[in-house]
Amino acid sequence: MEPNSSNMQRPHPPTPTSPEIAMDVHKVVLPPHKTTIQKLKTRLKETFFPDDPLRQFKGQPTTKKWILAAQYIFPILQWGPNYSLKLFKSDVVSGLTIASLAIPQGISYAKLASLPPIVGLYSSFVPPLVYAVLGSSRDLAVGPVSIASLVLGSMLSLEISPTNDPVLFLQLAFTTTFFAGFFQACLGFLRLGFIIDFLSKATLVGFMAGAAIIVSLQQLKSLVGITHFTKQMGLVPVMSSVFHNTEEWSWQTILMGFCFLVFLLVARHVSMRRPNLFWASAGAPLVSVILSTLLVFAFKAQHHGISTIGKLQEGLNPSSWNMLQFHGSHLGLSIKTGLITGIISLTEGIAVGRTFAALKNYKVDGNKEMMAIGLMNMVGSSTSCYVTTGAFSRSAVNHNAGAKTAASNIVMSITVMVTLLFFMPLFQYTPNVVLGAIIVSAVVGLIDISAAYQIWKVDKFDFLVMLCAFLGVIFISVQHGLAIAVGISIFKILLQITRPKTVMLGKIPGTDIYCNLHHYKDSMKIPGFLILSIEAPVNFANSTYLNERVLRWIEEHEAEELKNQSNLRFVILEMSAVSAIDTSGISLFKELKKAMEKKGIELVLVNPLGEVMEKLQKSDEAGDFMRPDGLFLTVGEAVATLSATIKGQSSNHVV
């Protein structure tokens, strides 16, 4: 569409068949000259430093620059000096609240990853301390999460049995965590955060929903008391395993699991309907653990078919640096698993952080978050922790509980530390069925039906991507489902690049506005003119298609002009949406010009942007593109000028 220029004098034409307008024609000029080094510098800056993180250092004295640098690396130095008792009270309340959720979830998610339950608590102690120093989000509550736990456990279990070789499995879990953290930190340090944008919203909605169902199905082992359960993750093998082992079902386990699951879901529902009752869903898991443990202990239920966690090791995290495996036949497995879990956990953590930052009107630096989460996992891998990130459920509770700073993570960490030191024996009789119920109630929130419906309404192709991610996770595997969805998303991008949109423009009567003929039904064609708009960069991937498409436009338009007993004189290409061009694109315009000259048609370019204009000028040795009558700033100016030229030629011919 062509906006009217404020400094143009245009009397409106009486009819669209008289396009000539007395107006000032603006000369199209080249952009200011830049050297190759300057262009490269600008391109690299916009690619890797779009937020310009160094702007805060400009004009500052040396001492201030050092202070700002320290605050940039360690965000705790920004809010720490101004920390007050009022903020501390809020953070203590929120920290204790999320600790009540983190302790049972940590134990549950460790079992989901096929790791010893104590590792889940270790992972809720050290990583939050690291994040409190390096993280920029005030609301993010750090710890193990369900999806990363499932992926880590399932991928490692394909080659190593956690029951037959638990030590090696644990070593590979810590090594995977190191590589996940290393990959995350590298993405942040190298400013490559845009890579995770390939996980679109549609992909994530489908992936999370599918993973939530798979996680829930995996808990059927605990919820019905099965001992011989499949190691596969797909829907069919899991359901087959459940119903082929009905003789192992325990009615006591089923009854207890059902009761506590209903209790947890009701508490979650109440908190969602009334956010001021956030403590209901936050405290429900811990209450469930306490009540179920007391019931098992009082009725000796462990002797009646209800399995328990068993004795847990007391004390703080032992060092695990010597357990990291940087050599051997399983190194490739650790790197691959670390890469996938790193991307998944990083995407979840940054998405959660940005969501709550938007609610409180502050900014979260994505690249800093990547470095914080990455270093947190690298440190965690050497202190008996596995992959951690910002969990949505805990962060939501943290937000609703009134957290003011990242100090709430420190309070949570201290609470977990006290638990590790003094309360481990109390978990000996905690039944596995309650841990399964806690996991199911936590992952239910990952199924976002309203988001899926919205995607269906807005973009059917995105809905297909979401559906592929969902079905791939359910019927194949978590990692393959994610790969399929990402592959389809990339195919969609390639389709948009290789098949760019081109539209025919017409004039709205009584105005100088040109817009899509098929969109605005009152717009009209100008006799003798074919006006096309190319709405994408022109490059090697789409130049052949554009050549064929434009020539087809011309053939169709010539046939129509023949019926109306008029000739096509000009093809105008409106290029304000062509943001870039390469040598193949330049060749396209040269080929189009030659093909049109054979038909007696002139090619006119309108509003080529800076980079496009510069490349056209450099390649225009014959002066074909830079002629004043072949280059205009707006479609209106081009039509008016060329119409006047046609009229003048007609008058001279008559004379």
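How many cavities of 30 Å³ or more does the structure hold? Two. Keep in mind that you're looking at a predicted model.

**Stop 1: the largest cavity.** Select M504, L505, L517, K525, I526, F529, L530, I531 and H557, and you have the lining of the largest cavity. The space inside comes to about 50 Å³. Now color β3 (502-507) and β5 (529-534): each of these strands gives at least two residues to the lining. β5 has the largest share, with three residues. Sorted by class, the lining has seven nonpolar residues, one polar and one charged.

**Stop 2: the second largest cavity.** Next, pick L199, L204, F207, M208, I344, T347, E348 and L482, which line the second largest cavity. Its volume is about 30 Å³.

**Stop 3: two packed helices.** Finally, select α6 (residues 126-134) together with α15 (residues 366-381). Their axes are 9 Å apart and meet at an angle of about 150°, so the two helices are roughly antiparallel. The crossing of α6 past α15 is right-handed. To see the contact itself, show side chains for V126, P127, V130, Y131 and L134 on α6, plus E369, A372, L375, M376 and V379 on α15. What classes do these contact residues divide into? Nine are nonpolar, none is polar and one is charged.

Conventions: Residues are numbered from 1 along each chain as its sequence is written. This is a predicted model: local features need pLDDT of at least 70, side-chain atom pairs count only at pLDDT 80 or more; totals for chains, interfaces and linings use all residues. Side-chain values use heavy atoms; hydrogens and water are left out. Axes are lines fitted to C-alpha atoms, for helices over the stretch in contact, and angles run from 0 to 180 degrees between N-to-C directions. Helices (H or I, at least four residues) and strands (E, at least two) are DSSP runs, numbered from the N terminus. Angles under 35 degrees count as roughly parallel, over 145 as roughly antiparallel, 65 to 115 as roughly perpendicular and the rest as oblique. A crossing is left-handed if the near helix is turned anticlockwise from the far one by less than a right angle, and right-handed if clockwise. Contact means heavy atoms within 4.5 Å. Ala, Val, Leu, Ile, Met, Phe, Trp, Tyr, Cys and Pro count as nonpolar, Asp, Glu, Lys and Arg as charged, and the others, Gly among them, as polar. On a 1 Å grid over the protein atoms alone, a cavity is a set of points where a 1.4 Å probe fits but cannot get out, and a pocket is an open set with protein on both sides within 12 Å along at least five of seven lines; lining residues have an atom within 4 Å of a point. Grid points are joined across faces, edges and corners, and a volume is the space filled by probe spheres set on the points.
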